[in-house]
Amino acid sequence: EDIKNLYVCALNFCTRKINVSNDQAYYEKYLIINDLLLKKGLFAGDGFVPPSQFINIVHVSLKTERWEYAKDFINRWKHHLPPEHAENLANYCLALWHYSQGQYDPAQKRLALVELNDVQLSLAARSLIIKIYVETNQTELLLPALEATRIYLLRATHIETKKRKQMQQFVDFTRRMMKIFPRDQKKLKALAEKMPPPEQVLHRDWLLAQIVKKMG
(Lines give C-alpha, C1' and ligand atoms only; values in the text may rest on other atoms or scores of the structure.)
Protein backbone atom coordinates (compact mmCIF):
# COMPACT_ATOMS: atom_id res chain seq x y z
CA GLU A 1 0.00 0.00 0.00
CA ASP A 2 2.86 2.38 0.78
CA ILE A 3 4.52 1.65 -2.56
CA LYS A 4 1.23 2.24 -4.38
CA ASN A 5 0.78 5.58 -2.58
CA LEU A 6 4.26 6.71 -3.62
CA TYR A 7 3.53 5.88 -7.26
CA VAL A 8 0.20 7.72 -7.06
CA CYS A 9 1.92 10.79 -5.56
CA ALA A 10 4.42 10.77 -8.45
CA LEU A 11 1.54 10.35 -10.92
CA ASN A 12 -0.36 13.29 -9.41
CA PHE A 13 2.80 15.41 -9.60
CA CYS A 14 3.13 14.63 -13.32
CA THR A 15 -0.54 15.47 -13.87
CA ARG A 16 -0.12 18.87 -12.23
CA LYS A 17 2.98 19.60 -14.34
CA ILE A 18 1.10 18.63 -17.50
CA ASN A 19 -1.87 20.82 -16.64
CA VAL A 20 0.30 23.82 -15.76
CA SER A 21 3.13 23.75 -18.29
CA ASN A 22 2.18 21.10 -20.91
CA ASP A 23 5.75 19.79 -20.54
CA GLN A 24 6.28 16.84 -22.93
CA ALA A 25 8.76 15.26 -20.51
CA TYR A 26 5.99 14.75 -17.97
CA TYR A 27 3.77 13.04 -20.53
CA GLU A 28 6.50 10.42 -20.89
CA LYS A 29 6.92 10.09 -17.12
CA TYR A 30 3.14 9.79 -16.74
CA LEU A 31 3.11 6.79 -19.07
CA ILE A 32 6.12 5.17 -17.38
CA ILE A 33 4.54 5.42 -13.92
CA ASN A 34 1.21 4.05 -15.16
CA ASP A 35 3.05 1.20 -16.84
CA LEU A 36 4.73 0.33 -13.54
CA LEU A 37 1.41 0.48 -11.67
CA LEU A 38 -0.17 -1.87 -14.21
CA LYS A 39 2.67 -4.38 -14.26
CA LYS A 40 2.84 -4.48 -10.46
CA GLY A 41 -0.93 -4.84 -10.14
CA LEU A 42 -1.15 -1.74 -7.96
CA PHE A 43 -3.93 0.14 -9.73
CA ALA A 44 -6.90 -0.86 -7.61
CA GLY A 45 -7.79 -3.22 -4.83
CA ASP A 46 -10.62 -4.79 -6.84
CA GLY A 47 -8.19 -5.85 -9.56
CA PHE A 48 -9.67 -3.61 -12.27
CA VAL A 49 -8.11 -0.70 -14.12
CA PRO A 50 -10.13 2.48 -13.31
CA PRO A 51 -12.00 3.63 -16.47
CA SER A 52 -10.84 7.24 -16.15
CA GLN A 53 -7.21 6.14 -15.88
CA PHE A 54 -7.62 3.84 -18.88
CA ILE A 55 -8.85 6.72 -21.06
CA ASN A 56 -6.14 9.09 -19.76
CA ILE A 57 -3.39 6.62 -20.69
CA VAL A 58 -4.78 6.31 -24.22
CA HIS A 59 -5.07 10.11 -24.57
CA VAL A 60 -1.49 10.72 -23.40
CA SER A 61 -0.14 7.91 -25.60
CA LEU A 62 -1.79 9.43 -28.66
CA LYS A 63 -0.73 12.96 -27.72
CA THR A 64 2.90 11.79 -27.60
CA GLU A 65 2.41 9.92 -30.90
CA ARG A 66 3.02 6.50 -29.37
CA TRP A 67 0.53 4.98 -31.76
CA GLU A 68 1.42 1.30 -31.40
CA TYR A 69 1.77 1.58 -27.62
CA ALA A 70 -1.76 3.04 -27.44
CA LYS A 71 -3.26 0.31 -29.60
CA ASP A 72 -1.43 -2.47 -27.73
CA PHE A 73 -2.51 -0.98 -24.41
CA ILE A 74 -6.20 -0.92 -25.45
CA ASN A 75 -6.15 -4.51 -26.70
CA ARG A 76 -4.13 -5.84 -23.78
CA TRP A 77 -5.82 -4.10 -20.87
CA LYS A 78 -9.47 -3.78 -21.99
CA HIS A 79 -10.11 -7.15 -20.34
CA HIS A 80 -9.02 -5.64 -17.01
CA LEU A 81 -11.69 -2.94 -17.05
CA PRO A 82 -14.82 -3.31 -14.87
CA PRO A 83 -17.12 -5.60 -16.92
CA GLU A 84 -19.94 -3.04 -17.08
CA HIS A 85 -17.61 -0.50 -18.75
CA ALA A 86 -15.21 -2.68 -20.74
CA GLU A 87 -16.90 -2.86 -24.15
CA ASN A 88 -17.96 0.80 -24.19
CA LEU A 89 -14.56 2.15 -23.19
CA ALA A 90 -12.68 -0.13 -25.58
CA ASN A 91 -14.88 0.97 -28.50
CA TYR A 92 -14.43 4.65 -27.64
CA CYS A 93 -10.66 4.33 -27.26
CA LEU A 94 -10.35 2.41 -30.53
CA ALA A 95 -12.43 5.15 -32.21
CA LEU A 96 -10.00 7.68 -30.76
CA TRP A 97 -7.05 5.66 -32.08
CA HIS A 98 -8.52 5.45 -35.61
CA TYR A 99 -9.26 9.19 -35.51
CA SER A 100 -5.64 9.94 -34.56
CA GLN A 101 -4.57 8.04 -37.68
CA GLY A 102 -6.98 9.95 -39.92
CA GLN A 103 -9.08 6.79 -40.33
CA TYR A 104 -12.45 8.50 -40.06
CA ASP A 105 -14.70 5.72 -41.33
CA PRO A 106 -13.59 3.05 -38.83
CA ALA A 107 -13.61 5.71 -36.11
CA GLN A 108 -17.28 6.48 -36.86
CA LYS A 109 -18.14 2.78 -36.89
CA ARG A 110 -16.57 2.32 -33.46
CA LEU A 111 -18.37 5.38 -32.08
CA ALA A 112 -21.68 3.98 -33.30
CA LEU A 113 -21.14 1.07 -30.88
CA VAL A 114 -20.63 3.32 -27.84
CA GLU A 115 -23.60 3.58 -25.49
CA LEU A 116 -23.89 7.10 -24.08
CA ASN A 117 -25.00 6.06 -20.60
CA ASP A 118 -22.07 7.65 -18.75
CA VAL A 119 -21.68 11.43 -18.55
CA GLN A 120 -17.93 11.65 -19.18
CA LEU A 121 -18.00 9.07 -21.95
CA SER A 122 -21.02 10.74 -23.53
CA LEU A 123 -19.28 14.13 -23.66
CA ALA A 124 -16.09 12.56 -25.02
CA ALA A 125 -17.90 10.57 -27.72
CA ARG A 126 -20.06 13.54 -28.74
CA SER A 127 -16.95 15.74 -29.01
CA LEU A 128 -15.17 13.18 -31.15
CA ILE A 129 -18.02 12.68 -33.61
CA ILE A 130 -18.35 16.48 -33.98
CA LYS A 131 -14.63 16.69 -34.78
CA ILE A 132 -14.94 13.94 -37.36
CA TYR A 133 -17.93 15.61 -39.04
CA VAL A 134 -16.03 18.92 -39.23
CA GLU A 135 -12.83 17.40 -40.60
CA THR A 136 -14.68 15.33 -43.21
CA ASN A 137 -17.07 18.15 -44.19
CA GLN A 138 -20.16 16.13 -43.27
CA THR A 139 -22.23 19.26 -42.67
CA GLU A 140 -25.54 17.43 -43.06
CA LEU A 141 -24.61 15.29 -40.06
CA LEU A 142 -22.70 17.94 -38.13
CA LEU A 143 -25.54 20.43 -37.63
CA PRO A 144 -27.97 17.86 -36.14
CA ALA A 145 -25.16 16.54 -33.93
CA LEU A 146 -24.43 20.04 -32.62
CA GLU A 147 -28.11 20.67 -31.92
CA ALA A 148 -28.57 17.29 -30.22
CA THR A 149 -25.56 17.99 -28.00
CA ARG A 150 -26.85 21.48 -27.16
CA ILE A 151 -30.19 20.03 -26.04
CA TYR A 152 -28.47 17.22 -24.13
CA LEU A 153 -26.42 19.78 -22.18
CA LEU A 154 -29.55 21.75 -21.29
CA ARG A 155 -31.42 18.68 -20.06
CA ALA A 156 -28.61 16.77 -18.34
CA THR A 157 -28.70 18.60 -15.02
CA HIS A 158 -26.37 16.04 -13.43
CA ILE A 159 -23.37 17.32 -15.42
CA GLU A 160 -20.89 19.39 -13.40
CA THR A 161 -21.49 23.10 -14.09
CA LYS A 162 -17.92 23.84 -15.22
CA LYS A 163 -17.83 20.85 -17.57
CA ARG A 164 -21.23 21.78 -19.00
CA LYS A 165 -20.13 25.35 -19.76
CA GLN A 166 -16.86 24.14 -21.36
CA MET A 167 -18.79 21.80 -23.64
CA GLN A 168 -21.38 24.45 -24.46
CA GLN A 169 -18.59 26.79 -25.55
CA PHE A 170 -17.14 24.05 -27.75
CA VAL A 171 -20.51 23.47 -29.42
CA ASP A 172 -21.15 27.20 -29.81
CA PHE A 173 -17.77 28.03 -31.35
CA THR A 174 -17.93 25.03 -33.67
CA ARG A 175 -21.32 26.19 -34.94
CA ARG A 176 -20.12 29.78 -35.36
CA MET A 177 -17.01 28.61 -37.21
CA MET A 178 -19.04 26.49 -39.64
CA LYS A 179 -21.27 29.47 -40.52
CA ILE A 180 -18.28 31.44 -41.81
CA PHE A 181 -17.28 30.95 -45.43
CA PRO A 182 -13.82 29.48 -46.06
CA ARG A 183 -11.03 32.06 -46.50
CA ASP A 184 -13.10 34.83 -44.93
CA GLN A 185 -9.98 36.02 -43.13
CA LYS A 186 -11.62 38.91 -41.29
CA LYS A 187 -14.47 36.94 -39.70
CA LEU A 188 -12.35 33.88 -38.94
CA LYS A 189 -9.65 35.99 -37.28
CA ALA A 190 -12.30 37.81 -35.23
CA LEU A 191 -13.73 34.47 -34.09
CA ALA A 192 -10.28 33.24 -33.05
CA GLU A 193 -9.72 36.40 -31.04
CA LYS A 194 -13.01 35.85 -29.18
CA MET A 195 -11.99 32.33 -28.15
CA PRO A 196 -12.15 31.95 -24.34
CA PRO A 197 -9.08 30.77 -22.39
CA PRO A 198 -8.41 26.99 -22.25
CA GLU A 199 -10.09 26.51 -18.87
CA GLN A 200 -13.38 27.83 -20.28
CA VAL A 201 -13.72 25.85 -23.51
CA LEU A 202 -13.06 22.23 -24.40
CA HIS A 203 -10.76 21.37 -27.31
CA ARG A 204 -9.58 24.95 -27.72
CA ASP A 205 -6.41 23.99 -29.61
CA TRP A 206 -8.45 21.92 -32.04
CA LEU A 207 -10.87 24.79 -32.64
CA LEU A 208 -8.04 27.23 -33.35
CA ALA A 209 -6.39 24.72 -35.69
CA GLN A 210 -9.64 24.34 -37.63
CA ILE A 211 -10.05 28.10 -37.88
CA VAL A 212 -6.49 28.45 -39.26
CA LYS A 213 -7.18 25.59 -41.71
CA LYS A 214 -10.37 27.32 -42.87
CA MET A 215 -8.46 30.54 -43.46
CA GLY A 216 -6.57 28.69 -46.18
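Predicted model: local features only at pLDDT ≥ 70, side-chain atom pairs only at ≥ 80, totals over all residues.

Author: Residues are numbered from 1 along each chain as its sequence is written, and side-chain values use heavy atoms, with hydrogens and water left out.

Lys-214 is found in helix α11, residues 204-215 (helices are DSSP runs of H or I, at least four residues, numbered from the N terminus). Lys-214 is buried (under 20% relative accessible area, 1.4 Å probe, protein chains only; exposed is over 50%, partly exposed in between). Lys-214 has no salt bridge (a side-chain nitrogen of Lys or Arg within 4 Å of a carboxyl oxygen of Asp or Glu). The nearest side chain of opposite charge, Asp-184, is 9.2 Å away (Lys and Arg count as positive, Asp and Glu as negative; His and the chain ends are not counted). The Lys-214 side chain does reach the backbone oxygen of Met-177, at 2.6 Å. Leaving aside residues up to four places away in sequence, Lys-214 touches residues including Met-177, Phe-181 and Leu-188 (contact means heavy atoms within 4.5 Å).

The largest nonpolar core has 68 residues, and Phe-54, Tyr-92 and Phe-170 have the most contacts inside it (a core is a set of buried Ala, Val, Leu, Ile, Met, Phe, Trp, Tyr and Cys residues joined through side-chain atoms within 4.5 Å). Helix α7, residues 119-135, gives the most to this core, with ten residues. Beyond four places in sequence, Tyr-92 touches Leu-121, Ala-124, Ala-125 and Leu-128, among others.

Key: Helix = DSSP H or I, 4+ residues; strand = E, 2+ residues; numbered from the N terminus. Polar contact = N/O pair within 3.5 Å; in protein donor to acceptor, adjacent residues only side chain to side chain.
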